[in-house]
Amino acid sequence: MAEIGKTVLDSGWFAARSSEVELTGTQLTTTHPPTGPTSPWMEAVVPGTVLATLVKNKVVADPFYGLDNEMIIDIADSGREYYTFWFFTKFQCKLSGTQHLDLNFRAINYSAELYLNGHKKVLPKGMFRRHSLDVTDILNPDGVNLLAVLVHPPDHPGSIPPQGGQGGDHEIGKDVATQYVEGWDWIAPVRDRNTGIWDEVSISVTGPVKIIDPHLVSSFFDRYTRVYLHATTELENRSAWVAECSLDIQVTTELEGSLCLMEHLQTQHVSIPPGARIQYTFPQLFFYKPNLWWPNGMGKQSLYNVSITVDVKGYGESDSWGHLLGFRKIESHIDSATGGRLFKVNGQPIFIRGGNWILSDCLLRLSKERYKTDIKFHADMNLNMIRCWGGGLAERPEFYHYCDVYGLLVWQEFWITGDVDGRGIPVSNPNGPLDHALFMLCARDTVKLLRNHPSLALWVGGNEQVPPVDINTALKNDLKLHPFFENHSGNAMPVEESSTAFKDPSQYLDGTRIYIQGSMWDGFANGKGDFTDGPYEIQNPEDFFKDGFYQYGFNPEVGSVGMPVAATIRATMPPEGWQIPLFKKLSNGYTEEVPNPIWTYHKYIPYSKPGKVHDQIELYGTPTDLDDFCLKAQLVNYIQYRALLEGWTSRMWSKYTGVLIWKTQNPWSGLRGQFYDHLLDQTAGFYGCRCAAEPIHVQLNLATYFIEVVNTMSEELSNVAIEASVWDLEGACPYYKVFDKLSLPPKKVVAISELKYPKSKNPKPVYFVLLKLYHKSNYSIISRNFYWLHLPGGDYKLLEPYRNKKIPLKITSKTFIKGSTYEIEMKVQNKSRKPDPKILTFKNNYASRHDEGDFDMSSLEPIHDETGEKQRAGLFRRLYRQFSRETDGLKVAEVNGPDTGVAFFLNFSIHASKTDHKEGEDTRILPVHYSDNYFSLVPGEEMSINISFQVPQGVTPRVTLKGWNYHRGGHTVL
């Protein structure tokens with residue numbers, strides 16, 4: 001008897017071009033199966049695309065490298081048959097007489113014929129639909145089953161005009177498929193249009209009764225003290241007799257270690273007629289004051305385990321299903337003060353600071369590990385929303401799982417874009433996809449796939465466009481809110497009365513999340529669908545703070561530059577791609593950047609906008625080579641994105657309700673709009689964003705020079721102070737002031753005082769400003785913010801000779817290792833001068849935060865520990881519990897130097913220690929999570945940086961520190 005449950009088929013696949021296989025599907029799965037990766041067969045990437053398989057086997061060049069994508073034949077030139085591929089695998093399964101086996105494809109692109117042990121099945125068209133086939137009757141008696149799948153590309157792959165364009169010739173919009181694959185202004189065309197088995201394949205063993213698509217909904221009453229869990233599921237009886245079932249629903253929560261606390265266990269008895277498929281709704285489960293799920297920065301992401309099990313009389317356990325549940329309520333309305341859409345979670349307003357997301361990888365090599373890194377990166381940046389753009393994917397359950405875990409709200413769009421669906425140049429498909437019924441089938445199936453995730457916040461019909469009238473009407477109807485989730489001015493109806501007045505909310509397709517028809521409608525951009533998002537280019541940092549920068553309450557897209565580090569350029573381009581742009585002087589005094597052809601192909605955005613913005617890299621002096629250019633680009637990235645978010649946050653609730661940055665990452669090796677590159681190395685913009693989006697944050701308004709404090713939390717912050725200091729290039733502190741006895745109201749921005757420097761006498765042309773918000777009781781830091789600034793009309797060129805200063809550093813490290821996982825705490829101290837006795841915050845002991853990254857408001861009370869040693873000891877104790885093997889105690893490295901001054905723009909990187917290192921070889925270990933990077937230390941100041949990463953087997957890591965004053969090769973500090 002096979003074990004009840006699911007087995008994922010993600011290995012042992014082979015693939016071959018259909019035109020090179022002379023056998024039929026019946027032959028492949030009976031008498032002539034492939035025996036290995038011998039021509040024309042090759043090892044396949046499943047989940048993944050045809051192109052992913054070809055790249056893995058080096059049949060085609062790497063489309064991420066240089067201009068190699070131009071060497072790959074496009075489907076418009078080859079024809080669809082060229083990218084029509086067979087995929088083959090075997091699986092073991094032997095059932096007992098009453099068991100059933102389903103073969104499941106969570107998604108394919110675009111259609112397929114399937115052969116199992118010689119029997120043919122059809123997987124119909126549509127990229128965003130699940131396929132589940134009962135194959136019980138066609139399994140081989142010996143348990144060895146042969147599976148072959150012939151996958152066809154989209155019906156309308158389109159062609160790429162010579163000038164490129166948004167979505168190519170827009171033909172892909174006639175299918176229900178992802179649209180970015182014909183190319184956009186941030187990606188080159190994907191040659192196979194993402195053809196393939198691109199999502200999970202599995203087999204599921206059940207008894208006579210199967211559980212299908214349970215729906216979990218929580219409703220809230222009496223200020224969230226009384227909470228009810230509603231659950232509805234479909235049940236299918238595949239037997240020829242009446243199934244007498246015991247249906248259990250169980251809710252547990254995890255405690256320390258592997259212990260679980262049983263919150264609820266309910267058993268119901270159900271009779272299901274033979275061959276019937278019924279819908280069953282459980283009696284609602286009551287919870288008193290459960291732990292709520294909060295977005296990143298607002299509180300903990302409390303999650304409960306819900307499991308549903310069906311036992312059949314005379315058989316035993318027939319099927320089971322499980323999902324994580326977060327108790328939370330999401331509401332939104334158009335704010336009368338700003339005109340923007342204002343979101344509330346659990347009754348608390350949340351200021352949205354998020355990013356636009358396309359997809360993880362344009363060859364759809366999707367994995368839990370990659371998703372975990374992607375989403376944790378967004379949480380590390382202190383963002384609270386991700387918008388899944390309409391030209392990309394309906395994201396996968398693994399994506400949503402990590403958004404649940406890390407607290408990222410998700411705006412999920414359906415597969416409509418203005419460029420491809422009616423508003424593009426040339427004029428595109430005004431009526432959307434050809435098959436509207438297929439679109440709605442995929443939409444409803446997507447809702448069922450994703451609706452139980454607490455992170456899913458809203459559905460949106462399309463990007464910069466609304467769906468065709470009939471589709472839009474159907475989506476509005478299907479996704480209408482249950483009365484429990486409509487905005488009411490009065491109190492909600494008590495459950496005892498409402499339970500009879502309304503249908504159970506779990507019987508809705510969704511019913512808990514609002515549907516908005518398009519990304520520029522109903523509280524987004526100007527709310528009317530006009531092109532009022534953007535801009536997408538370099539800005540003067542101070543402009544983000546000015547009244548005229550953006551006129552509407554919620555901007556769904558605003559973007560800028562995104563140059564990665566030099567190591568990424570070398571890793572993804574040949575030497576001719578290492579040439580930096582020419583800086584062409586124009587008659588109006590501005591500079592035009594002329595990039596090399598490879599950068600142009602990779603969609604480089606320049607750091608200048610002649611006539612409006614002087615070249616922001618050139619402010620530091622004309623770069624000399626790739627390393628110099630990329631380092632200066634990181635300086636600009638940091639300033640640009642910090643200013644963007646600080647400018648928006650400065651007007652929280654008074655002008656804005658939210659902003660989404662276009663975009664946070666690239667699914668390809670593009671050179672624009674990203675906080676980390678496709679290799680998963682962060683730009684400095686990542687840390688500028690992380691700084692600006694802190695839940696409690698001190699900042700300098702670059703337009704008014706007022707010091708401001710942002711408190712996005714729901715509680716007042718009292719007995720705090722701000723320390724403001726100015727430092728010059730000689731290491732002197734010409735300005736120092738403490739603003740104390742401050743109380744910061746919740747959900748407010750407070751202007752504290754104008755920074756008097758540089759209005760004072762004899763200001764320096766270039767200077768540094770350090771702001772610290774801290775507790776007066778123990779000097780623990782709540783927020784720290786470091787600026788480098790120049791006088792109006794000036795530049796940063798004095799920083800160029802400052803690079804030659806040798807600022808001494810002391811780096812102390814402690815490492816914990818568990819398996820392949822490393823956790824390192826680096827403590828970096830600027831030794832160029834002893835700490836000034838009046839500066840009591842020099843140790844930068846931060847107020848503790850939850851492990852999830854949220855502020856522990858209770859920790860904002862006095863801890864009566866002047867040194868902070870207890871906090872550090874607590875950190876080590878927590879780490880030690882998690883990491884069983886410890887390295888040889890503390891290690892100390894020193895960087896000597898005779899000069900005094902700010903240690904400017906320091907950044908760590910992790911590399912593989914190699915004795916046979918070749919010049920230009922990329923030795924980086926990626927990804928790495930840093931608590932901060934690209935940081936600066938004033939004389940006497942010290943800071944702790946926590947670093948975590950995994951190393952490949954057999955690799956010894958080394959930690960390197962570079963910086964503005966430490967640029968020649970860097971220093972190995974561990």
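User: Is Met1 buried or exposed in this structure?

Analyst: The model is a predicted one. Exposure is read from relative accessible area, and a residue counts as exposed when that value is over 50%. Met1 has a relative accessible area of 73%, so Met1 is exposed.

User: Where does Met1 lie, and which residues is Met1 in contact with, leaving aside its neighbours within four places in sequence?

Analyst: Met1 belongs to the segment that precedes β1 (5–8). With those neighbours set aside, Met1 is in contact with Lys94, Ser96, Gln99 and Tyr315.

User: How many residues apart in sequence are Met1 and His971, and how far apart are they in space?

Analyst: They are separated by 970 residues in sequence, and their C-alpha atoms are 60 Å apart.

User: Turning to the interior, is Asn711 buried or exposed?

Analyst: Here the opposite end of the scale applies, since buried means under 20% relative accessible area. Asn711 has a value of 0% and is therefore buried. This residue is part of strand β32, which covers residues 706–711.

User: What does the side chain of Asn711 reach, and which residues does Asn711 touch?

Analyst: The Asn711 side chain reaches the backbone oxygen of Glu715 at 3.1 Å. Beyond four places in sequence, Asn711 touches several residues, including Met652, Pro695, Ile696, Leu717 and Leu744. Pro745, Pro746, Lys747 and Lys748 are also among them.

User: How many residues does the largest nonpolar core have, and which have the most contacts inside it?

Analyst: A nonpolar core is assembled from buried residues of nonpolar type joined through side-chain atoms. The largest such core has 235 residues, and Tyr180, Trp788, Leu799, Phe904 and Phe908 have the most contacts inside it. Helix α11 (residues 626–650) gives the most to this core, contributing 14 residues. Another core, of 50 residues, lies apart from it; Val270, Met298, Phe327 and Leu458 are among its members.

User: Which residues does Tyr180 touch, not counting residues up to four places away in sequence?

Analyst: Among them are Trp186, Ile187, Val190 and Asn194, together with Leu359, Cys362, Leu364 and Trp389.

User: How many disulfides does the count come to?

Analyst: A disulfide is a covalent bond between two cysteine sulfur atoms. The test used here requires a pair of those atoms within 2.5 Å, and the count comes to zero. Cys442, for instance, is in no disulfide, and the nearest cysteine sulfur, belonging to Cys388, is 17 Å away.

User: Are Cys442 and Cys245 buried or exposed?

Analyst: Cys442 counts as buried because its relative accessibility is 0%. Cys245 is likewise buried, with a relative accessible area of 3%.

Notes. Residues are numbered from 1 along each chain as its sequence is written. This is a predicted model: local features need pLDDT of at least 70, side-chain atom pairs count only at pLDDT 80 or more; totals for chains, interfaces and linings use all residues. Side-chain values use heavy atoms; hydrogens and water are left out. Helices (H or I, at least four residues) and strands (E, at least two) are DSSP runs, numbered from the N terminus. Buried means under 20% relative accessible area, exposed over 50%, partly exposed in between (1.4 Å probe, protein chains only). A polar contact is a pair of N or O atoms within 3.5 Å; within protein, one must be able to donate a hydrogen and the other to accept it, and residues adjacent in sequence count only if both atoms are side-chain atoms. Contact means heavy atoms within 4.5 Å. A nonpolar core is a set of buried Ala, Val, Leu, Ile, Met, Phe, Trp, Tyr and Cys residues joined through side-chain atoms within 4.5 Å.
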